[in-house]
Amino acid sequence: RAAYKTPWLLSEADNLLFGVANPGLSRVDVLHKYLDHASSFFHAQQASGLVPTTLAALELEQVLAAPISYLFEDEDPGFRGTLL
């Protein structure tokens with residue numbers, strides 16, 4: 001549960017566990033990269049005909065927003081409310 005509610009705790013996990021260099025991205029950098037990915041995924045799903053209705057689009061948006069909804073939770077408690 002902690003990994004879901006405060007995912008930034010894992011930002012150093014690869015470095016600590018596997019010795020992989022941390023790319024040094026900020027939360028905002030991660031957010032922008034994820035939004036680019038989510039946008040590409042959403043449009044690919046639309047182009048494939050897998051998002052046939054407005055309701056389906058809204059559901060997909062909610063699914064795509066979930067992984068980042070707590071990204072700033074431990075830094076700014078008000079962020080999640082403004083995101084959703």
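Among contacts in the protein chain between residues at least 6 apart in sequence, what percentage join residues at least 24 apart? And how do α3 and α4 meet?

A: This is a predicted model. Start with the contacts. Take those in the protein chain between residues at least 6 apart in sequence: 44% of them join residues at least 24 apart.

Now the whole chain. The protein chain has five helices and zero strands. Read from the N terminus, its elements run α-α-α-α-α. It has 84 residues, and 20% of them count as buried. The accessible surface is about 6,000 Å². Carbon and sulfur atoms hold 60% of that surface.

Next, the helix pair. Helix α3 spans residues 27–47, and helix α4 spans residues 54–65. Their axes come within 11 Å. They cross at roughly 150°. The cut-off for roughly antiparallel is over 145 degrees, so α3 is roughly antiparallel to α4. The crossing of α3 and α4 is right-handed.

Which residues make this contact? From α3 come Tyr 34, Ala 38, Phe 41, Phe 42 and Gln 45. From α4 come Ala 57, Leu 60, Glu 61 and Leu 64. By class, the contact of α3 with α4 has seven nonpolar residues, one polar and one charged.

Ala 57 lies in helix α4 and is one of the residues in the contact with α3. Its relative accessible area is 14%, so Ala 57 is buried. Leaving out residues up to four places away in sequence, Ala 57 touches Phe 42 and Val 51. Phe 42 is itself one of the α3 residues in the helix contact. Gln 45 is another of the α3 residues listed there. The C-alpha atoms of Ala 57 and Gln 45 are separated by 9.5 Å. Along the chain these two residues are 12 apart.

Stay with α3, but move to Arg 27. Arg 27 sits in this helix, whose range opens at residue 27. Is Arg 27 buried or exposed? Its relative accessible area is 10%, under the 20% cut-off, so Arg 27 is buried. Neighbours within four places in sequence aside, Arg 27 is in contact with Trp 8, Leu 71, Phe 72, Asp 74 and Glu 75.

Ile 68 is found in the loop between α4 and α5, and α5 covers 79–83. Ile 68 has 7% relative accessibility, so it counts as buried. The C-alpha atoms of Ile 68 and Val 30 are separated by 9.1 Å. Along the chain, the two are 38 residues apart.

Finally, Thr 6. Thr 6 lies in the loop between α1 (2–5) and α2 (13–18). Its relative accessibility is 18%, so Thr 6 counts as buried. Thr 6 and Tyr 70 are 64 residues apart in sequence. In space they are 6.2 Å apart, C-alpha to C-alpha.

Methods. Residues numbered from 1 in each chain as written. Predicted model: local features only at pLDDT ≥ 70, side-chain atom pairs only at ≥ 80, totals over all residues. Heavy atoms only, no water. Axes fitted to C-alpha atoms, helices over the stretch in contact; angles between N-to-C directions. Helix = DSSP H or I, 4+ residues; strand = E, 2+ residues; numbered from the N terminus. Parallel < 35°, antiparallel > 145°, perpendicular 65-115°, else oblique. Left-handed = near helix turned anticlockwise from the far one by under 90°. Contact = heavy atoms within 4.5 Å. Nonpolar A, V, L, I, M, F, W, Y, C, P; charged D, E, K, R; others polar. Buried < 20%, exposed > 50% of the residue type's maximum accessible area, 1.4 Å probe, protein only. Areas by Shrake-Rupley, 256 points an atom, 1.4 Å probe, with all protein chains shown as cover.
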